[in-house]
Each structure stands twice: as C-alpha cells, then as structure tokens.
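Please look over the sequence and the model before reading on. The report below goes through them topic by topic.

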Amino acid sequence: SERIVVFVVSTTGQGDEPDNMKMFWKFLLRKNLPRSSLSEISFAVLGLGDSSYQKFNFVAKRLYRRLLQLGGTPLLDLGLADDQHDLGPDAVVDSWSSRLWDLLLRLYPLLNGLEILSAARLPEPRFTVNFIGNDEDFGCGEHFVPPGFHRAPLVSNERATAADHFQDVRLVKFSVEGLEINYSPGDVLVIQPSNLPQVADEFISFLDLDPNQKFTIDSADPDVSAPKLPRPCTVRYLVKNYLDITRIPKRYFFELLSFFADSELERDKLRELSSSEGQEDLYAYCYRPRRTTFEVMQDFPGASRNVPLSYLLDLIGPMQARAFSIASSPSAHPGEIHLLVAVVKYRTKMQKPRQGLCSTWLASLQPEKETVTAPVRVKRGTISLPKNREAPLIMIGPGTGCAPFRSFIAERVQQGVKNNFLF
C-alpha cells in the first residue's frame with residue numbers, strides 16, 4: 001500500500017546486509033518476482049558506508065539496482081555517505097536529505113494550517129523517566145543480562161605480546177560451561193562492554209547526579225522501543241553499562257545540547273558547531289582530535305549540567321556491542337571461548353591518549369582478584385573450515401589478526417589433520 005519508500009541501509013562484514021535486513025533482502029531476491037512488482041512504488045536509497053573497505057556501500061548499491069529491476073522509480077540519485085570523509089557521513093547526508101525533503105514537499109504539500117516545526121524549538125524527549133524513592137526496596141538489576149546475551153565468567157586475561165612490544169594484545173578466556181552457547185571455528189563472539197568504573201564515576205560527579213537514584217524508563221513515542229535496562233535502574237548502572245560517554249559525538253548532539261545552555265556564549269558556539277556552515281570547525285574541534293562526548297560536555301559545563309535525565313538518553317546514545325573473532329576450538333577447548341584482543345590506544349593532540357571502549361575495558365578486568373562476568377553471545381562468522389577434512393588448508397593473515405586462524409589450527413590439530421599452512 002506504500003507509494004513512496006525511503007531506505008537507509010548500512011553495509012556490514014564483507015559486503016553483507018545488516019541482520020535486520022536479511023529477511024527482506026532474501027524476499028527481494030526471489031526469482032519468481034515479476035519485473036513489474038514495484039512499478040507503482042517510488043523509492044530513495046541512502047547508503048551508510050566506509051570507503052576504507054573494499055565493498056564500500058555494497059548493500060545500498062545492490063538494493064538500488066534490485067529496486068530498479070523490479071520496476072521501482074527512483075525519486076533521486078543513490079546517496080553514498082562515507083564515514084571516511086573529513087566531515088563524516090553528514091557531508092553526503094545533508095545535501096541528500098535536503099533534496100529529498102524538497103521533493104517530498106512538492107509532491108505532498110502541507111495541509112492548510114500545518115507548518116514545519118521550527119529548528120529553534122526543543123523537541124520532545126523520546127523517553128519518560130519515572131523516579132523511585134531510594135528507600136523503596138527494589139532490586140537494581142546490577143546483574144541484568146541484555147536480551148539475547150548470556151553472562152559468561154571471565155577465566156583469565158593475560159597479555160600475549162611481550163611487555164616491551166608496542167601493541168598490547170590480550171588472550172582473554174571466558175567460561176561458557178552450563179550456558180546454552182555453541183560455536184564453530186570461524187564464528188564471532190559479541191560482547192556488550194561497559195565504561196570503566198572510574199570514568200563512569202567521574203561523569204556522575206561532573207553532572208552532580210545521585211548514583212543510587214532509582215528510576216524506570218518508558219518510551220514516549222509508540223514507534224521507539226524503550227531502552228533495554230533493568231526495571232528499576234540506577235543512575236550508576238545507566239552510566240556504567242548503557243550510555244556511550246566516550247564515543248565521538250555527532251552533529252545532533254551539539255544541536256540538542258544548545259537548547260540547555262544558559263550562557264549565550266555556549267549556546268552560540270554549540271549552534272555554530274551543529275550548523276552546515278560550521279562543519280569545518282566541528283571537524284577541527286571534535287572529529288580530528290577524536291574528542292569524546294564526555295570531554296565535549298566538560299567544555300560546555302553550563303549546558304551539560306542543565307540536561308534532564310530524560311534528555312540525557314537522547315543526547316548520548318547506547319553503547320554498541322563489539323564483535324571479536326573467536327580464537328579457540330570447541331573440541332580443543334571445551335567449555336571455553338578464547339579471544340585475542342588488541343587493546344586500542346593512540347594519541348592525537350588531546351592530552352589524554354584515545355582508547356578503545358571495549359578493548360580497554362576487557363584489558364582492565366582482573367578475574368584473579370574478583371569474580372568477573374560479561375554479557376556475550378555467539379554470531380555466525382563469514383569464514384569456516386572446508387567440509388572435506390583432508391583438504392589442505394592455506395591461511396593468509398594480511399594484517400587483520402590471527403584469531404580465527406588460531407581457532408582453525410587448534411580444531412584441525414585436535415582432528416589429527418595435517419597440511420595446515422599459515423602465512
């Protein structure tokens with residue numbers, strides 16, 4: 001029944017469609033679909049990609065071609081946003097979306113009495129926060145497990161490279177004994193990370209929040225799902241396990257934060273950084289030095305301390321799970337999953353070194369001193385061992401890590417299979 005459809009799609013892995021598109025893409029590829037299936041549909045496709053990968057925006061390009069093959073009519077050219085651009089995806093998204101809205105307004109003019117919301121108006125928060133008295137006896141979900149994950153105990157966390165080597169690589173071992181987790185060589189372990197406790201505490205102190213304050217969160221928009229958090233939740237849990245305070249903020253962050261500035265100086269600077277004209281300044285201030293969300297908030301303390309908790313969830317997105325190639329074999333290492341994790345740490349002009357969220361958090365865990373668990377799940381990998389066990393195996397690691405090859409070799413050795421070559 002839709003006459004106009006807008007697709008915004010990313011590319012994952014080696015030119016693969018994202019998980020939430022797989023069923024739709026499988027349907028579109030059916031050979032029995034008539035060439036006129038979409039003859040009454042107009043469409044637009046915006047790809048979100050990274051040109052450092054060989055298959056840049058591969059899924060968006062394939063989708064655009066397939067929609068044409070099925071008789072769809074493009075509203076405008078395919079948009080190919082690039083994370084590697086100095087200004088990020090916005091360099092393409094801004095102009096593409098502007099042209100799209102202009103076209104849609106010509107096709108479907110606003111009804112009498114309606115007008116486009118002013119950019120000077122503070123949008124309503126997407127979530128409602130209901131505070132609970134701290135004296136009320138509720139659990140606080142400190143051992144909450146995100147849907148689809150298992151909480152796996154950390155067995156060991158050892159440095160695999162020499163102490164004087166420039167790269168700190170950790171051999172991290174999880175126990176999955178008793179958990180309903182099965183994997184094959186070549187699969188991937190997905191980990192839901194946390195912020196370092198000292199960083200979370202500093203953030204809470206900076207905003208003068210009560211870490212023990214309990215609350216529940218519900219969606220204020222029927223089209224938006226509520227965050228997957230314990231009910232009730234505490235401020236400490238929210239900051240430590242949900243808010244991605246060390247990510248590089250996007251333009252909308254500056255726009256939304258500007259609404260809470262009492263100081264004209266802060267408000268004008270934030271609006272400048274969020275404007276189309278201020279993108280070079282935004283790149284120089286934020287993107288080039290890799291300034292984090294928390295560091296930006298520290299530069300704008302007046303506005304930051306005025307942000308209500310409900311808007312904090314709109315201002316700062318959730319931490320995304322990270323995927324690591326499994327470096328163990330289920331037959332050689334029963335009941336365990338091993339990872340080889342390169343700890344991300346580098347310098348920019350900022351005083352503090354830049355650090356990877358998940359790798360730094362994993363490296364900080366000390367299972368020999370206390371019981372440590374992490375939310376994990378297994379995802380099927382894109383490479384696997386040949387079905388013919390006797391086939392010679394040539395493995396080439398062109399600088400992308402050796403974790404899956406450690407898994408393959410351990411599995412083949414356990415099977416007594418020879419002719420394994422690693423370059």
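What follows covers a sheet, the helices on it, the salt bridges and a surface patch.

This is a predicted model, in which local features need pLDDT of at least 70 and side-chain atom pairs count only at pLDDT 80 or more, while totals for chains, interfaces and linings use all residues. Residues are numbered from 1 along each chain as its sequence is written, and side-chain values use heavy atoms, leaving out hydrogens and water.

**The sheet**

An open sheet contains 6 strands in the order β11-β8-β15-β6-β7-β12, with antiparallel pairing. At its edges stand β11 (322-325) and β12 (336-342); each has a single partner strand, so one side of each lacks a neighbour in the sheet. On average, neighbouring strands of this sheet are turned by 40 degrees against each other, direction ignored. Strands are DSSP runs (E, at least two residues), as are helices (H or I, at least four), numbered from the N terminus. Two strands pair if DSSP finds at least two bridges between them. Strand β7 (residues 169-175) pairs with β12 over 7 bridges, and Ser-175 has Glu-336 in β12 as its bridge partner.

Helix α13 (residues 403-414) packs on the sheet and touches β7, β11 and β12; its direction makes about 145 degrees with that of β12. Helix α12 (residues 357-364) lies across β6, β7, β8, β11, β12 and β15, at about 70 degrees to β11. Contact means heavy atoms within 4.5 Å. Axes are lines fitted to C-alpha atoms, for helices over the stretch in contact, and angles run from 0 to 180 degrees between N-to-C directions.

**Salt bridges**

The structure holds 10 salt bridges. Each is a side-chain nitrogen of Lys or Arg within 4 Å of a carboxyl oxygen of Asp or Glu. Among them are these:

| Pair | N to O distance |
|---|---|
| Glu-17 and Lys-22 | 3.6 Å |
| Arg-126 and Asp-314 | 2.8 Å |
| Arg-380 and Asp-187 | 2.4 Å |

Arg-380 lies in the loop between β15 and β16 (393-395) and Asp-187 in the loop between β7 and β8, so this pair ties together parts 193 residues apart in sequence. Arg-380 is exposed at 54% relative accessible area, whereas Asp-187 is buried at 5%. Buried means under 20% relative accessible area, exposed over 50%, and partly exposed in between (1.4 Å probe, protein chains only). Arg-159, Asp-168 and Arg-170 are linked in a network of salt bridges.

**A surface patch**

Leu-105, Leu-110, Leu-111, Leu-114 and Ile-116 make a nonpolar surface patch of about 500 Å². Patches are made of residues with over 30% relative accessible area and no salt bridge; like charges are joined within 9 Å, and nonpolar side chains (Val, Leu, Ile, Met, Phe, Trp, Tyr) within 5 Å. Accessible areas come from the Shrake-Rupley method with a 1.4 Å probe; for residues, only the protein chains shown count as cover.
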